[in-house]
Amino acid sequence: MMGTVSEDIGYLIQIVRKDNEMRERRVVLEIAPPRIAAIDREIGGLEKRLKEAEQAMEKWKREKLRLDDEVKLDGMEIDKKKKELNVCKTNEEYRAKIHEIDFLKKKIDKAEERILEILDSMEETRREVAEVQSKINEEKDVMLAERQKLTDAISRAQAELDALESEKLDVLPSLSARTRKLYERILAARGDSAVANLVGDICQGCHSRVPPQKSHEVRRNDALITCEACSRILVYYENDT
Ligand SMILES: [Zn+2]
């Protein structure tokens with residue numbers, strides 16, 4: 001009888017060790033995905049900034065080309081009108097021509113002012129492109145490497161979790177019928193695990209303190225003792241970490 005309970009406790013220790021290992025894997029599965037999402041957001045943000053700067057640059061270039069053409073055509077128009085001044089027949093015609101020439105000159109001045117503004121904006125945008133580009137060059141590879149590590153950690157944790165779960169199930173048939181019944185009942189009630197190990201006087205299932213006398217009994221590992229607070233079966237093993 002005594003031997004059976006001790007054997008059961010040996011199996012329960014195997015189970016709780018696996019539960020604890022599974023808890024560690026679950027932490028990875030919880031922490032890694034939000035970090036991956038944060039990396040994706042960061043990389044996405046940089047790439048968006050770069051794309052927007054490049055698009056702005058294209059816009060400035062197109063506007064500048066259009067204005068360059070406009071200035072050139074207006075200049076040619078002015079030359080043409082200046083020649084026409086010589087063949088004006090009336091003063092009215094002459095004044096009208098002068099007026100047209102002035103209008104075109106003002107238009108050219110305005111366009112050239114705008115071109116200077118555009119050149120400033122282009123310079124600013126060029127700096128933005130260079131800045132974002134170098135940030136991407138410096139940080140993207142590091143972030144992608146971290147992302148890959150996290151992705152690997154997730155698949156590893158998931159695989160290990162599956163393996164631990166099936167190892168745990170493999171241990172169950174070794175329990176005596178009575179202990180297994182108790183185990184199943186507590187597991188159904190607790191949902192996650194039916195066994196908790198003791199570290200110091202603390203139940204690792206619910207983190208409540210176990211009275212010294214009870215702790216002492218648990219450490220002997222020869223009787224099925226449950227935690228008063230969470231009702232999990234208490235076991236003791238030397239912590240190997
Ligand atoms: Zn407890």
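Tutor: Let us begin with a definition: the expected span of a helix is 1.5 Å times one less than its number of residues, while helices (H or I, at least four residues) and strands (E, at least two) are DSSP runs, numbered from the N terminus. Keep in mind that this is a predicted model, in which local features need pLDDT of at least 70 and side-chain atom pairs count only at pLDDT 80 or more, whereas totals for chains, interfaces and linings use all residues. Residues are numbered from 1 along each chain as its sequence is written.

Student: How do you know that the length of H3 agrees with what its 14 residues should span?

Tutor: At 1.5 Å a residue, H3 should span 20 Å, and its end C-alpha atoms are 20 Å apart, so the two values agree.

Student: What is found in H2 at glutamate 139?

Tutor: A kink of about 35° is centred there, where the bend at a residue is the angle between axes fitted to the seven residues ending there and the seven starting there.

Student: Why is alanine 194 called buried?

Tutor: A residue is buried if 20 or more other C-beta atoms lie within 10 Å of its own, exposed if 12 or fewer, and partly exposed in between, with C-beta atoms placed from the backbone. Alanine 194 has 24 C-beta neighbours inside 10 Å, and therefore it counts as buried. This residue is found in the loop between helix H3 (177-190) and strand S1 (195-199).

Student: Which residues of H3 are buried, and what puts them on the same side?

Tutor: The buried residues of H3 are Thr179, Tyr183 and Ile186. They cover an arc of only 70° around the axis, so they lie on the same side of H3; the arc is that of the directions from the helix axis to the C-beta atoms. On the other side of H3, the exposed residues are Ala177, Arg178, Lys181, Arg185, Ala188 and Ala189.

Student: What makes S1 and S2 a pair?

Tutor: Two strands pair if DSSP finds at least two bridges between them, and 2 bridges join S1 to S2, which run antiparallel. In one of the bridges, valine 199 has isoleucine 202 in S2 as its partner.
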